[in-house]
Amino acid sequence: MSTRKVKIRDLTIGGGSPVSVQSMCATHTQDIEATLAQIEDLRQKGADLVRIAVDNLKDVEALAEIRRQTTARLVVDLQENFPLADKVAPYVDKIRYNPGHLHHLEKNKPIEDKVKWLVSIAKEHGLALRVGVNCGSVAPVFLDKYPGDHVRAIVESAAWHCDLLDSLHFTNYVVSLKDSDPKKVVHCNQEFSKRRPDVPIHLGVTEAGLLPEGVLKTRLAFEQLIPAGIGDTLRVSLTLPNSEKWQEVQWGRQILKDIAEKKFVSVPDNYGKGLNIISCPSCSRVENGDFVKLAMDVKEMSAYAKDHQLTIAVMGCRVNGPGETDDADLGLWCGPSTVTLKKKDRTLGSFRYNEVLPRLKTELDRLVTVRKN
């Protein structure tokens, strides 16, 4: 059974259409020239859709000018800023909202009313929606309802929003269920597909991280899902310098080609054992460009601990930083000038970019010593 068709301007997602490939700008939205250049680069490399982050009215003004100068299909990512939907709608083709962030603003308004308003905007402007559920920001009501079962909480959150959208007579939407663990990505999407085989799915391993591990994690999920008919559009989420953002599109196309030719990756015997570094994909919300270099430095510094079952998370902004470092043994939440060092959900302190690596190593040394003993 194929999923139903979702229209994003002249692009069809689902309904047996070829799997489309997406990416996201890492330039600051208000830097119109740089953002336009990156949109065009991604489009020329094969991106069917390009996502842009919008956090404030100045971003909206920039978006209006960007729309004027490009014909690329644009998706806006609102995250915690869903009240801007009516402002951005004239300039985009699709809006992504995160169910886990709707409760942050207009706290006295029911979630149902917020989604109803988003649907009214989408209908008025002929837009598609993406219900984007992320592992680090699952709505508290679902975490409370399914304690200890993170996969169930993710799936139920997505399914609940689908039922709500359907009840509002709106079907031009896709869903994503993302995690940094490829196994959980597979499990979540398999379970959701059983529940709602009609709904097109956007695939991705969030915070897949640096090359080459980020591509391996992504392939491990995609190679199990896509051959089973699960997945209608995708993004390969990599931590990359701005100048190499095109690699997300290149790898997305390559993975699809390899799957079509039945060329599957050989999983290393030790995969899933030892040190795991997760880092969010570079995007316009990164508050300091040194985040990417820091992620690379962390990988190099921590190589000595590769045989220990530990997770280090390096997150580049306020959206991913707080929640998606909580489960890591050690986490770095990168701000404009300082980096917050965490141990699980406990904050150990804030340090300048050139100071945090030695302190991280001290904490890593302690964990390694404990594991050895």
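Reply: A salt bridge is a side-chain nitrogen of Lys or Arg within 4 Å of a carboxyl oxygen of Asp or Glu. A search of the whole structure with this criterion finds 35 salt bridges. This is a predicted model, in which local features need pLDDT of at least 70 and side-chain atom pairs count only at pLDDT 80 or more, while totals for chains, interfaces and linings use all residues. Residues are numbered from 1 along each chain as its sequence is written, and side-chain values use heavy atoms, with hydrogens and water left out.

Me: What makes the pair Arg 73 and Asp 10 a salt bridge?

Reply: The N to O distance between the side chains of Arg 73 and Asp 10 is 2.8 Å, and the criterion is within 4 Å. The pair is therefore a salt bridge. Arg 73 lies in the loop between helix H2 (57-69) and strand S5 (74-77), and Asp 10 in the loop between strand S1 (6-8) and strand S2 (11-13), so parts 63 residues apart in sequence are tied together. Helices (H or I, at least four residues) and strands (E, at least two) are DSSP runs, numbered from the N terminus.

Me: Why is Arg 73 called buried?

Reply: Buried means under 20% relative accessible area, exposed over 50%, and partly exposed in between (1.4 Å probe, protein chains only). Arg 73 has 18% relative accessibility and so counts as buried.

Me: Which residues are linked in a network of salt bridges?

Reply: The network consists of Arg 4, Asp 163, Asp 166, Arg 196 and Asp 198. Within it, the side chains of Arg 196 and Asp 166 meet at 2.8 Å, N to O. Arg 196 is in the loop between H7 and S9 and Asp 166 is in helix H6 (residues 150-167), 30 residues apart. Arg 196 is buried, with a relative accessible area of 12%, whereas Asp 166, at 23%, counts as partly exposed.

Me: Why is H8 called largely enclosed?

Reply: Of its 13 residues, 11 are buried, so H8 is largely enclosed by the rest of the structure. Among the buried residues are Val 215, Leu 216, Leu 220 and Phe 222. The buried residues pack against helix H7 (182-195), strand S9 (201-203), strand S10 (233-235), helix H9 (247-260) and strand S11 (276-279). Contact here means heavy atoms within 4.5 Å.

Me: What makes S3 and S4 a pair of strands?

Reply: Two strands pair if DSSP finds at least two bridges between them. S3 and S4 have three bridges and pair in the parallel sense; Gln 22 has Leu 49 as its bridge partner in S4. S4 and S5 likewise pair in the parallel sense, over four bridges. Eight strands close into a barrel in the order S3-S4-S5-S6-S7-S8-S9-S10, with parallel pairing.

Me: Why is strand S4 called largely enclosed?

Reply: Five of the five residues of S4 (residues 49-53) are buried, so the strand is largely enclosed by the rest of the structure. Leu 49, Arg 51 and Ala 53 point one way, and Val 50 and Ile 52 the other way.

Me: Where is Glu 156, and what does this residue touch?

Reply: Glu 156 is in helix H6 and is buried, with a relative accessible area of 12%. Leaving aside residues up to four places away in sequence, Glu 156 touches Phe 142, Tyr 146 and Arg 195.
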